Amino acid sequence: MQAVRSSLPAGARVAPSSRPDPHPVLPAAHRMRRPAEFEQAVRRGARGGRESLVVHLVTRTDPGPGPVVGFVVSKGVGNAVVRNRVKRRLRALVRDRLGAIPADSGIVVRALAPAATREYAALGSDLDSALDVARSRSKRRNEGMRAR
């Protein structure tokens with residue numbers, strides 16, 4: 001007696017229209033990697049906070065091809081599955097907004113516990129709002145330094 005497969009091969013089960021985005025991650029040139037970059041953004045950057053996240057924005061002295069972004073999602077947000085889902089959502093939201101972020105920016109997005117239960121659209125509006133606040137504070141700070 002021959003064994004019968006209980007399901008189709010993996011490739012046959014996925015409809016072409018439901019294939020994942022071919023670029024689901026933040027491009028490598030826009031990723032913050034070194035701890036010193038995170039530290040500089042958090043300590044020296046302008047901060048904009050909302051219920052579900054905090055954005056730290058710093059103007060980099062050595063600008064590259066575009067803004068660099070880092071994410072901090074602590075265990076306070078949830079277990080590993082929840083933290084990874086929050087990171088994926090934040091990465092996708094930031095990737096969609098890269099064109100609106102100044103090229104000489106370094107940004108750290110720190111997720112807070114409510115990020116785990118926020119709807120995707122609400123998380124996006126929190127990100128937009130926090131970015132706007134951080135941008136305006138950074139602009140004021142930079143203008144104040146030039147006036148001295």
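1. Buried means under 20% relative accessible area, exposed over 50% and partly exposed in between, with a 1.4 Å probe and protein chains only. The model is predicted, with local features needing pLDDT of at least 70 and side-chain atom pairs counting only at pLDDT 80 or more, while totals for chains, interfaces and linings use all residues. Residues are numbered from 1 along each chain as its sequence is written, and side-chain values use heavy atoms, with hydrogens and water left out.

2. Seven salt bridges are found in the structure, a salt bridge being a side-chain nitrogen of Lys or Arg within 4 Å of a carboxyl oxygen of Asp or Glu. One of them joins Arg 43 to Glu 39, with the closest N and O atoms 3.5 Å apart. These residues are four apart in helix H2 (residues 35-44), and therefore separated by about one helical turn; helices (H or I, at least four residues) and strands (E, at least two) are DSSP runs, numbered from the N terminus. Arg 43 is exposed at 67% relative accessibility, and Glu 39 is partly exposed at 41%.

3. In helix H4 (residues 120-147), Arg 135 and Asp 132 lie three residues apart, about one turn of the helix, and their side chains meet in a salt bridge of 3.3 Å, N to O. Arg 135 is partly exposed, with a relative accessible area of 27%, as is Asp 132 at 45%.

4. Arg 34 forms a salt bridge with Glu 37, the closest N and O atoms being 3.6 Å apart, and Glu 37 is buried, with a relative accessible area of 18%. A network of salt bridges links Glu 51, Arg 118 and Asp 126.
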